[in-house]
Each structure stands twice: as structure tokens, then as C-alpha cells.
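The sequence and structure come first.

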Amino acid sequence: MAFAVIARYRCEPADGPAVRSALLDMRKHTLTEPGNLAYVVHADTGQPGVFVLYEQYADRAAFDAHAASDHFAELILGRVRPVLVERTVTFAEVL
């Protein structure tokens, strides 16, 4: 069964362009991962600095491999998370 991740990130509006850039770079890398089925980056049109990610993987192991990747460490752990003021993540099974 496919495994989904829905993440909501909020940063200060001044940090928005840097977060957007990192998330778009992350999308390029993630879409090449063998277990990735989807990686969609959304920017909230009414709230500058708010991003929503929808990710889908073949299974939990594919997501775990994604989270252990060098590009995740560089882009998400190194560039995105340090500037977030709020982060929520939901893990779900795709029905």
C-alpha cells in the first residue's frame, strides 16, 4: 500500500524565497528516487511563507530511504528546517 506524507511548513515571509528554492530543488531530487510516486510543492496564496507538501511513496521503506538521503540532509535539514517557525507532518496510508 502506498504511503503519503502531508507537511505544512511556515517560515517568516522574508525567508520564503529561500525555502521555496530549497523545496523546488528537493522536488527535482525526490522525483528521481525509485520509491517516490509524487512530490508536489504548494505555496499558500493567502499566507506568505506557508508551504504545503504532498508526497507519495511506494511504501514506508521508500519514505525512510528518502529521509536518509544526502539531498534531504542538505536541503530539508540544512536549509529549510532551521528557518521554520512551525512545522506539522501527517503520515497516511493511501486508500
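The sections below go from overall fold to surface and then to the nonpolar core.

## Fold and dimensions

The model is predicted. It contains three helices and four strands, arranged from the N terminus as β-α-β-β-α-α-β. Of the contacts between residues at least 6 apart in sequence, 71% join residues at least 24 apart.

The C-alpha trace spans about 40 × 30 × 20 Å along its principal axes. The radius of gyration is 13 Å, which agrees with the value near 12 Å for a compact globule, because that is what 95 residues would give.

## Surface and charge

The accessible surface comes to about 5,300 Å², and carbon and sulfur atoms account for 56% of that area. Of the 95 residues, 38% count as buried.

Charged side chains number 9 positive and 12 negative. The centres of these two sets lie 5 Å apart.

## Nonpolar core

The largest nonpolar core holds 21 residues. Tyr9, Leu23, Tyr39, Leu53, Ile76 and Val80 have the most contacts inside this core. Two or more core residues come from each of strand 1 (3-11), helix 1 (16-30), strand 2 (36-43), strand 3 (50-57), helix 2 (60-67) and helix 3 (70-80). Strand 1 gives the most, with five residues.

Val80 shows how some of these parts meet. Apart from neighbours within four places in sequence, Val80 is in contact with Tyr9, Val19, Ala22, Leu23 and Leu75. Tyr9 and Leu23 are, like Val80, among the core residues with the most contacts.

How values were computed:
Residues numbered from 1 in each chain as written. Predicted model: local features only at pLDDT ≥ 70, side-chain atom pairs only at ≥ 80, totals over all residues. Heavy atoms only, no water. Rg over C-alpha atoms; globule rule 2.2 N^0.38 Å. Buried < 20%, exposed > 50% of the residue type's maximum accessible area, 1.4 Å probe, protein only. Contact = heavy atoms within 4.5 Å. Areas by Shrake-Rupley, 256 points an atom, 1.4 Å probe, with all protein chains shown as cover. Lys, Arg positive; Asp, Glu negative; His and termini not counted. Charge placed at Lys NZ, Arg CZ, Asp CG, Glu CD. Core = buried A, V, L, I, M, F, W, Y, C linked by side-chain atoms within 4.5 Å.
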